[in-house]
Amino acid sequence: MTTGVGENLHALVRRLYPLCRSITGDGVRETLRIVSELLPLDIFEVPTGTRVFDWTVPQEWTIRDAYVANVAGERVIDFAESNLHLVGYSVPVSRTMSLDELRPHLHTLPEQPNLIPYRTTYYQRDWGFCLRHRTLESLPDGEYWVEIDSTLTDGHLTYGEHVVPGQVADEVIVSSHLCHPSLANDNLAGIAVATYLARALADSDPFFTYRFLFIPGTIGSITWLAGNFDRIERVKHGLVLACAGDAGPLTYKRSRRGDAGIDRAVEHVLTASGRDHRVVDFSPYGYDERQFCSPGFNLGVGCLTRTPYAAYPEYHTSADNPDFVSPNAMADTLDTCIEVMSVLDRDRRYVNLSPYCEPQLGKRGLYDSLGGRSDAKQAQLALLWVLNFSDGGHSLLDIAKRSGLPFDTVADAAHALRASDLIKE
Ligand code: ZN
């Protein structure tokens, strides 16, 4: 791990945190602009009204100001204090209301009275405010001025892509959502880890082509899949990154297939690392794995989080702020991703070209070449394991699992055997 990468990840989270993102609009564009300072992005603008499978790209939402003021003109709920105060996609409002009329439009968390909840109304034209329950309890009856200076107009859905070219056109996709306003773990930590993962991969001359997607949740992945329908065959593996920065242990949610290459790679990395972690089976709720793993696509795409979707009390509240995510946790998620991609990139199936008894390794210098290695004994065993199980059926990852040897040692052994023409892909 590069020293200080955790601090870089956290700095990006803090910089993106104040922006009011939604599934469309300038908050998304500004987020992509800031990410593009670190990672060049191709920006796509898909017009309102575009049909994407059973969905339609919605109108674009622009928000300038929103507040509720008392008769004295004091703002008692103010979008300028926190963008969570306004229900995302609220339609414009400008009128006086009694507290009783206003009440159905106010959302609080009575169990967490000091936190502002996060709510949206994307597909139903409505409006509302979110506030601390404590604030609601302190509001006297009477008249209030409600102002929401927003517009919903035909525009675009915006998303960004970055491609790390590989030696082959087959792709690994890494996707993170960027549609949440001021929420750090659920949104920004995943964006930050993806950004620095792409930078790390670019330095590694990867085998696969890696395509990073920075997209609004649900409608963004549906739009991307619709636009890339004819080219989806090239996607061999994928990972959805979210909730990447809290203090909890890593959680991996398998693809719908359950034994896809990504599933086997992540499970191997997590187990081999000795980290506390959890692996759970696919379920059709959560993040964009829902779309990538819909039955028509059934892609080998899993989801890596720390504490998963909706499973922490700070989830979708004002407590999911930059203090809730740590440089160390994000760096740990990033390291795990780098290891996973290294496994995916080096995993192959080979065929032993000398399958009748063991070939003589000594005369080919294969034992001597191990002399300098601190893991010479393991490296020697790895040669024998790779030779024996390279039958075209077992991959290097299968061999690592079965032998209990580190994947890198097995992959190095395969590299040496290949150089001696004892195995071929
Ligand atoms: Zn969320």
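Colleague: Which elements each supply at least two residues of the lining of the second largest pocket?

Modeller: In this predicted model, strand β13 (235-241) and helix α7 (261-273) each supply at least two residues of that lining. The residues that line the second largest pocket include Lys236, His237, Gly261 and Arg264. Phe207, Phe208, Asp347 and Arg348 are also among them.

Colleague: How do you know that the second largest pocket lies between domains, and which domains are they?

Modeller: Domain 1 (5-58 + 156-346) and domain 3 (349-424) both give residues to its lining, so the pocket lies between them. The space in this pocket is about 280 Å³. By class, its lining has four nonpolar, three polar and five charged residues.

Colleague: What makes a space a cavity and not a pocket, and how many cavities of 30 Å³ or more does the structure hold?

Modeller: A cavity is a space where a 1.4 Å probe fits but cannot get out, whereas a pocket is open. The structure holds one cavity of 30 Å³ or more. The largest cavity has a volume of about 70 Å³. Its lining consists of 15 residues, of which Arg21, Trp61, Leu86, Gly88 and Pro181 lie nearest the centre. Nine of the lining residues are nonpolar, four are polar and two are charged. At least three residues of this lining come from each of domain 1 (5-58 + 156-346) and domain 2 (61-153).

Colleague: Why is Phe292 called buried?

Modeller: A residue is called buried when its relative accessible area is under 20%. Phe292 has a relative accessible area of 0%, and therefore Phe292 is buried. Phe292 belongs to helix α8 (residues 289-292). Beyond its neighbours within four places in sequence, Phe292 is in contact with residues including Ile173, Leu213, Trp224, Val240 and Phe297. The C-alpha atoms of Phe292 and Ile222 are 8.4 Å apart, although 70 residues separate the two along the chain.

Colleague: What makes Glu289 and Cys293 contacts of Phe282?

Modeller: Contact requires heavy atoms within 4.5 Å. Glu289 and Cys293 are among the residues in contact with Phe282 once its neighbours within four places in sequence are left aside, as are Lys253, Arg254, Ser255 and Arg256. Phe282 itself lies in the loop between β15 (277-280) and α8. Phe282 and Ser255 are 27 residues apart in sequence, with a C-alpha to C-alpha distance of 5.6 Å.

Conventions: Residues are numbered from 1 along each chain as its sequence is written. This is a predicted model: local features need pLDDT of at least 70, side-chain atom pairs count only at pLDDT 80 or more; totals for chains, interfaces and linings use all residues. Side-chain values use heavy atoms; hydrogens and water are left out. On a 1 Å grid over the protein atoms alone, a cavity is a set of points where a 1.4 Å probe fits but cannot get out, and a pocket is an open set with protein on both sides within 12 Å along at least five of seven lines; lining residues have an atom within 4 Å of a point. Grid points are joined across faces, edges and corners, and a volume is the space filled by probe spheres set on the points. Ala, Val, Leu, Ile, Met, Phe, Trp, Tyr, Cys and Pro count as nonpolar, Asp, Glu, Lys and Arg as charged, and the others, Gly among them, as polar. Domain bounds come from an automatic or database domain assignment. Helices (H or I, at least four residues) and strands (E, at least two) are DSSP runs, numbered from the N terminus. Buried means under 20% relative accessible area, exposed over 50%, partly exposed in between (1.4 Å probe, protein chains only).
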